[in-house]
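Trainee: I would like to learn how to read a structure feature by feature. Could we work through one together?

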Amino acid sequence: AVAATAELSLMQPLDVVKTRMHLQGQGVRTGDNFGSTLGAVRGIRASEGVIGLWRGFVPGLCVVIPRRGFKFLFYDAFVSALWTGPKGKAPFAHSMAAGGMAGAAEACIITPLECIKIAMQSEKASGGAAPPGTPGVAA
């Protein structure tokens with residue numbers, strides 16, 4: 001959990017910039033038109049303050065932390081269902097199948113949280129206002 005929080009703390013501004021650059025020019029509420037990554041960082045900071053670069057951080061934590069746990073939990077369950085021998089000795093095909101099913105099961109749980117995170121990142125605060133809370137976006 002600590003490593004996931006540290007990673008997200010460092011990478012969140014780039015994720016916000018990426019999301020905003022993907023959405024620009026498609027008639028979304030932000031109305032941004034950034035020419036470069038650095039231009040996006042400067043534009044977001046100028047219009048929303050530094051905090052705007054961390055928009056969607058809490059939902060991001062709700063995604064990153066459980067994602068790893070669910071994947072390990074599901075992998076263990078699926079490999080046990082597919083292979084009855086010693087746990088560390090499962091054939092490659094069984095491990096691959098268990099990994100694929102674990103990823104799919106984890107995605108079913110995490111995708112709604114990803115959608116909330118992206119919705120929050122795509123919103124632009126007016127006049128440096130605080131970002132809307134997760135319940136407002138999820139409603």
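Mentor: Start with the rings: Phe70, Phe74 and Phe78 form one aromatic cluster. This is a predicted model, where local features need pLDDT of at least 70, side-chain atom pairs count only at pLDDT 80 or more, and totals for chains, interfaces and linings use all residues. Residues are numbered from 1 along each chain as its sequence is written, and side-chain values use heavy atoms, with hydrogens and water left out.

Trainee: How many aromatic pairs does a search of the whole structure find?

Mentor: A pair of aromatic rings is described by the distance of the centres and the angle of the planes. Rings of Phe, Tyr and Trp (its six-membered ring) pair if their centres lie within 6.5 Å; planes under 30 degrees apart count as stacked, over 60 as edge-to-face, and the rest as tilted. Searching the whole structure gives 2 aromatic pairs. Take Phe70 and Phe74: their ring centres are 6.0 Å apart and their planes lie at 20°, so this pair is stacked.

Trainee: Where do Phe70 and Phe74 lie?

Mentor: Both are in helix H3 (residues 57-82), 4 residues apart, about one turn of the helix. Helices here are DSSP runs (H or I, at least four residues), numbered from the N terminus.

Trainee: Which residues does Glu106 touch?

Mentor: Contact means heavy atoms within 4.5 Å. Leaving out residues up to four places away in sequence, Glu106 touches Arg67, Phe70, Lys71 and Phe74. Glu106 sits in helix H4 (residues 92-122). With a relative accessible area of 5%, Glu106 is buried.

Trainee: Which side chain does a polar contact join to Glu106?

Mentor: That of Arg67, at 3.0 Å. A polar contact is a pair of N or O atoms within 3.5 Å; within protein, one must be able to donate a hydrogen and the other to accept it, and residues adjacent in sequence count only if both atoms are side-chain atoms.

Trainee: How many salt bridges does the structure hold?

Mentor: Side chains of opposite charge can pair when their charged atoms come close. The cut-off for a salt bridge is a side-chain nitrogen of Lys or Arg within 4 Å of a carboxyl oxygen of Asp or Glu. By that rule the structure holds 8. Asp15 bridges to Lys18, with the closest N and O atoms 3.3 Å apart. Asp15 also bridges to Lys117, at 2.9 Å from N to O.

Trainee: Are Asp15 and Lys117 buried or exposed?

Mentor: Both are buried. Asp15 has 17% relative accessibility, and Lys117 has 9%. Lys18 is partly exposed, at 42%.

Trainee: Which residues are linked in a network of salt bridges?

Mentor: Asp15, Lys18, Arg67, Lys71, Glu106, Glu114 and Lys117. Within it, Glu114 meets Lys117 at 3.4 Å, N to O.

Trainee: Which residues make up the largest nonpolar core?

Mentor: In soluble globular proteins, nonpolar side chains tend to be buried together. A nonpolar core is a set of buried Ala, Val, Leu, Ile, Met, Phe, Trp, Tyr and Cys residues joined through side-chain atoms within 4.5 Å. The largest one here has 6 residues: Val16, Val17, Phe34, Ala40, Ile44 and Leu53. Helix H1 (2-23) and helix H2 (37-48) are the elements that give two or more residues to this core.

Conventions
Buried means under 20% relative accessible area, exposed over 50%, partly exposed in between (1.4 Å probe, protein chains only).
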